[in-house]
Each structure stands twice: as C-alpha cells, then as structure tokens.
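This report describes one protein chain, one topic at a time. Please look at the sequence and the structure before reading on.

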Amino acid sequence: MLLTFVQGTEKFKAGLDFAAAAALYVKAADWLEEASALRESCFNNAALCYLKAKQFVDAIKFASKAIEDEPKNSKAFYRRATAYMEIAEFKKAKSDLDSAQQIDPEGKAIKKAFKKLAKRVAADKELRKKKFGGIFSKMKGGMYNNKPNVLKDPTTDPANKRVRL
C-alpha cells in the first residue's frame, strides 16, 4: 500500500501521466478501510491529479471523499471548488470556497480562487447575455401573444383533424 502511494507521488512529480498517478493514489486509499490521515492524503492527492488531468468530475468525487474523512480539510474544499468552477457550478464552488476560508482564513490560494470565481461568473454572465440577451423582446408580441386564441379547446374546432371524438 505504501509502495503504491510512493509510486503515485513519483508519477505526479514526473508530470507525465496525472490520471495514472491518481489511480495509484486511489488504489492506495482502497487498502485503507478506515478513515485516516494517510487515506485522506491519498484522496486529496488523487483529486489534485484529476484536476491536473482535467477530469473534473473525478476530482470532485475524490475531494468529497477526503472531506468525508476529514471535514476540516481546507485543501479538499479548495480542490473541489476549483473543479466545480471548471464545470460552471459556481454556487457549489462558492460554497466550498466559503468552507475552505472558514477553516483557513489566511489562505492565499483561497483568496485567489475567490477572485477567479468572480471573474468566471462575470464572464459566464456576459456570455449568456450575448447568447440569449433580448431573445424575447425580438419576438413581436411575446412568445405566446402573437398566436390567435391559443387557449381554445381543440375538440370544438371542426377543422382540427387530429382530435377525434
């Protein structure tokens, strides 16, 4: 088990295959049945590797496991928040950053992440505004008002061949 952890660390430091390093950390954690500092470290390192590999859902999964083992793990909250930002789950990212900041109020990375989150939210809002802005105002009369008698009972219309009595 310890050898697997060391192999994961070596792969991570080599920087070539983060997904393989994460798999080794997960394998090492699986050997440990009970929550411990080593198991928490394995999950936390796996989350970091999955972040580097841009596998954000897996990063969330293993950061969550690290938090289950140690609810006061600011690194795990930070890593999960980072993954949430990457998949545009901004409310969850903010919640995790708030939790991380409560645990570590002086954390520089956490403060940086808050700034990054604010920029990402603003960029996302601007993108949505460009994409969908004014779509309903372009429709004359609104979405439903320009259709004659939309609330009319279709069974009373003799021209409607699709309704059978």
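## Helices α6 and α7

Helices α6 and α7 are roughly antiparallel to each other, because their angle falls in that class (under 35 degrees counts as roughly parallel, over 145 as roughly antiparallel, 65 to 115 as roughly perpendicular and the rest as oblique). Helix α6 covers residues 90-103 and helix α7 covers residues 108-132; their axes come within 10 Å and cross at roughly 165°. Axes are lines fitted to C-alpha atoms, for helices over the stretch in contact, and angles run from 0 to 180 degrees between N-to-C directions. The crossing of α6 and α7 is left-handed (the near helix is turned anticlockwise from the far one by less than a right angle; clockwise would be right-handed).

On the α6 side, the contact (heavy atoms within 4.5 Å) includes Phe90, Ala93, Lys94 and Leu97. On the α7 side, Ile110, Phe114, Leu117 and Val121 are among the residues involved. By class, the residues of this contact are nine nonpolar, one polar and five charged. Here Ala, Val, Leu, Ile, Met, Phe, Trp, Tyr, Cys and Pro count as nonpolar, Asp, Glu, Lys and Arg as charged, and the others, Gly among them, as polar.

## Basis of the model

The model is predicted: local features need pLDDT of at least 70 and side-chain atom pairs count only at pLDDT 80 or more, while totals for chains, interfaces and linings use all residues. Residues are numbered from 1 along each chain as its sequence is written, and side-chain values use heavy atoms, with hydrogens and water left out.

## The whole chain

The chain has seven helices and zero strands. Helices (H or I, at least four residues) and strands (E, at least two) are DSSP runs, numbered from the N terminus. Of the 165 residues in the chain, 32% are buried (buried means under 20% relative accessible area, exposed over 50%, partly exposed in between, with a 1.4 Å probe and protein chains only).

## Helices α5 and α6

The axes of α5 and α6 come within 8 Å and cross at roughly 160°. These two helices are therefore roughly antiparallel as well, and their crossing is left-handed. From α5, the contact includes Phe77, Tyr78, Ala81 and Tyr84; from α6, it includes Phe90, Ala93, Leu97 and Ile103. Ten nonpolar, two polar and three charged residues make up this contact.

## The nonpolar core

Which residues touch the most other members of the largest nonpolar core? They are Phe62 and Leu97, in a core of 34 residues. A nonpolar core is a set of buried Ala, Val, Leu, Ile, Met, Phe, Trp, Tyr and Cys residues joined through side-chain atoms within 4.5 Å. Two or more residues come from each of α2 (18-31), α3, α4, α5, α6 and α7. Apart from neighbours within four places in sequence, Phe62 contacts Val26, Phe43, Ala46, Ala47 and Tyr50.

Leu51 lies in helix α3 and is buried, at 13% relative accessible area. Leu51 and Thr82 are 31 residues apart in sequence, with their C-alpha atoms 8.1 Å apart.

## Two loop residues

Most residues other than glycine have a negative phi. Lys54, not a glycine, has a positive phi of about 60°. Lys54 sits in the loop between α3 (37-52) and α4 (56-69) and is exposed, at 62% relative accessibility.

Ala88 also has a positive phi, of about 65°. Ala88 is in the loop between α5 (74-86) and α6 and is partly exposed, with a relative accessible area of 40%.
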